[in-house]
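Please go through the model below with its aromatic residues in mind.

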Amino acid sequence: MGDMAYRAQFSVSSKGFSPAAFMRTVHNDTSYGDLVQGARLLRESVSQGTEALKILVHNNFDRFVDARSKIDLLYDEMKKRSLNDQAEYGTRAFNQSLQSTTRKANEIYSPIIDRRARAEKIRSTLSVIERYKFYFSLPSSLIEYTSKGRFDVAVREYKKGLLLLQAVTDSEPDAPGGADADTQATALSTIFQCVWREVQESVVELRSALFRRLGQASRSYGEQENIIRHLLEIDPGDKDPVAFHLEHQHMWIVEKLEEDYKEHRLRVLHAGGHQSLAQGDRLRAAGRPASSGAAAASETEPAAETERRAGELTRALGVESFDDFPAFAHGRDAEFHAWKQIHAAVRALSQTLVRRLPDFWKLCQAYMEELYQKPAPPGAGRRRRRGVNLERVSKCHSLLEGIIERYSQYVLRLVGILGESDTVVSLESMGPGSLRATLQRLPQTHALLTGHFMTAIAELVVNTAGDIEAIDMAQEPAIILANLISQLKAGLMLFLCEMWERDARAMALHETWCLHHGTGHWPPIHVPDRERLDADDAPAAVAGSIANTELLPLFLRTAQTIVGQLGAIHEVSLQPGKSTRAAPQDQAPHFDASFDEGQRRQSERSRMMHDMAMERVKRTFFGTMFSFLDTLHALAFGAQSGPGLGGDDGGSGATAPTLGRSTSAVR
């Protein structure tokens, strides 16, 4: 249109002719003389045309008049015959007939056409539904799979639906076919969006079911890992499924440890070995310190209790293995069953820790390294590796330390090193003045049986700590385990020394006054070298004629066993690693000053308890020897007024002398 208007400016016969543009464009290089001559010729041509037109009209004037008359006559005739505006110039009847025909045609054919159009729409809709049948049934399918617990199938179907929605939304508007195709594509996209909103409502129930399943911490790690991946694939919302599972797993482990502890503690109380512990609980409930009641009970211990322990010690020395002790004792020793329950409690706690902590730490590592992330959208580039998230690292270490600390507290409470309401070991309670009262937390049996179970408990805890360190976890929890082992070993050694000193002061009760000659019934380690000489040698003959009773070999056998138990407790330790820092075996682990104040205090407490235990072992070794010598001295002076010593079987009619003074006073 713009080009034609431009050309019209230069056409002489056009209404849009522009003389100025014509002269400027066409004759821009024409000389003035030529322009003057052209103007003269143009005027002559116009004059000749006007003259010719006048001649034409003059020659045909009659014809022009006759034509005008005929036109006027025809116009009058048309008006007389209703060819006017009121009669629509004679077309009213025709229009009325045409409208009537059109109306009847619509009445007959419109329903047919409408039904055909509806059939086409239904056919088109059915084809779309058949083509995308999976997508339209997706909301109900997700609900069905969720109710049946088939979460893997539900998530797979959800992902297929999401890909189909993206394909329809991205590709359909660009399909060929013009405006109709665009309209159909827009309508299909709108329908898909409506269906997807229903899918999202079904996904809410699926997400809730997955989080409920994820909160069941007793399930295996592989199953929970699949659930985490499912949640990330369907968009977990505001919750982080890894952090959610981590917190629930931590809570479940802590609750399981507490459940094991309470269950076995009740069994210990029912076994009859913790009467003093139950008494301490009653004193605390009454607002009185439990240590004062335990100390009073220890100071006023009846002679029957001392004689009971002496009888149990005698029976224990008569069995080959402690596994045979219940059958031998016929269930008379309630403290033996109490110690078995304590050992079972420590084993249950250790099994829970070893069974659950590796998976928990594996989950912590995945959480710290952000291994579980939402899938990248199609076409997205490769994700860059992020730096270490210090907040996540701190959270995982805190949760892990909480589990290890809870395990440490329960173990130390079971063996009496910690009280029921204590969270850290009190050095005052383990000191010489308070150790006897603290010892009342344990079953009151003889040192031999106590040392047997203490050795087993120490080995069990150390093996558990070794298994936990083998999973290569963080340094701080390993240090807590090292503190536990150090405090456990020191506390058990202090308790065993106190019990051995108590039993050594009552060795006079084991005297049966049965006379023996020689040292054949002594423990092998205590047989003098002269026993190994030939029978013809004079020293051997003299040694074979030495008269003694059963008290001396009984004391030597007990002392030998106790020393071995103390050595076994002292020697069990972790292999050099994160927690020990290659410390010597006879020293408490050394810890750097880079750890928090609580860990430094714990390490200091562990070293102090280790030093206290080593000093107590030395004093106990010599103290029990002196106590036994005092017992022999008291028995010798007491026997002067009693019956004389008989032969090998001559002690049957003798009566054991009673101590006229306390052996503790002799010490």
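Is tryptophan 196 buried or exposed? Tryptophan 196 counts as buried, because its relative accessibility is 10%. Buried means under 20% relative accessible area, exposed over 50%, and partly exposed in between, with a 1.4 Å probe and protein chains only.

## Basis of the model

This is a predicted model: local features need pLDDT of at least 70, side-chain atom pairs count only at pLDDT 80 or more, and totals for chains, interfaces and linings use all residues. Residues are numbered from 1 along each chain as its sequence is written, and side-chain values use heavy atoms, leaving out hydrogens and water.

## Aromatic pairs

The whole structure holds eleven aromatic pairs. Rings of Phe, Tyr and Trp (its six-membered ring) pair if their centres lie within 6.5 Å; planes under 30 degrees apart count as stacked, over 60 as edge-to-face and the rest as tilted. Tyrosine 135 and tryptophan 196 are stacked, because their ring centres are 6.3 Å apart and their planes meet at 10°. Tyrosine 135 belongs to helix 6 (residues 133-136) and tryptophan 196 to helix 9 (residues 178-214), so the pair ties together parts that are 61 residues apart in sequence. Helices (H or I, at least four residues) and strands (E, at least two) are DSSP runs, numbered from the N terminus. Tyrosine 135 counts as buried, at 0% relative accessibility.

Tryptophan 500 and phenylalanine 555 also form a stacked pair, with 5.6 Å centre to centre and 25° between the planes. This pair links distant parts of the chain. Tryptophan 500 is in helix 20 (residues 475-504) and phenylalanine 555 in helix 22 (residues 551-571), 55 residues apart. Tryptophan 500 is buried at 4% relative accessible area. Phenylalanine 555 is buried at 1%.

## Cluster and charges over rings

Ring pairs join Tyr135, Tyr158, Phe192 and Trp196 into a cluster. The C-alpha atom of phenylalanine 192 is 9.8 Å from that of glutamine 166, 26 residues away along the chain. Glutamine 166 sits in helix 8 (residues 151-171). With 30% relative accessibility, glutamine 166 counts as partly exposed.

Two charges over rings can be listed. A charge sits over a ring if NZ of Lys or CZ of Arg is within 6 Å of the ring centre and within 35 degrees of the ring normal. Lysine 239 lies over the face of phenylalanine 211, 4.9 Å from the ring centre. Arginine 392 lies over the face of tyrosine 367, at 4.3 Å.

Val563, Phe621, Phe622, Met625, Phe626, Leu629 and Leu632 form a nonpolar surface patch, together with about 690 Å² of accessible area. Patches are made of residues with over 30% relative accessible area and no salt bridge; like charges are joined within 9 Å, nonpolar side chains (Val, Leu, Ile, Met, Phe, Trp, Tyr) within 5 Å. A salt bridge puts a side-chain nitrogen of Lys or Arg within 4 Å of a carboxyl oxygen of Asp or Glu. Areas come from the Shrake-Rupley method with a 1.4 Å probe; for residues, only the protein chains shown count as cover.

Helix 23 (residues 597-639) gives the most to the patch, with six residues. Phenylalanine 622 is in helix 23 and counts as exposed at 51% relative accessibility. Arginine 605 lies in helix 23 too, but counts as buried at 16%. Not counting residues up to four places away in sequence, arginine 605 touches Val424, Val425, Leu427 and Gln487. Contact means heavy atoms within 4.5 Å.

## Whole chain

The chain has 24 helices and two strands. Of its 667 residues, 39% count as buried. Among contacts with a separation of 6 or more, 76% join residues 24 or more positions apart. The chain exposes about 38100 Å², and carbon and sulfur atoms supply 55% of it.
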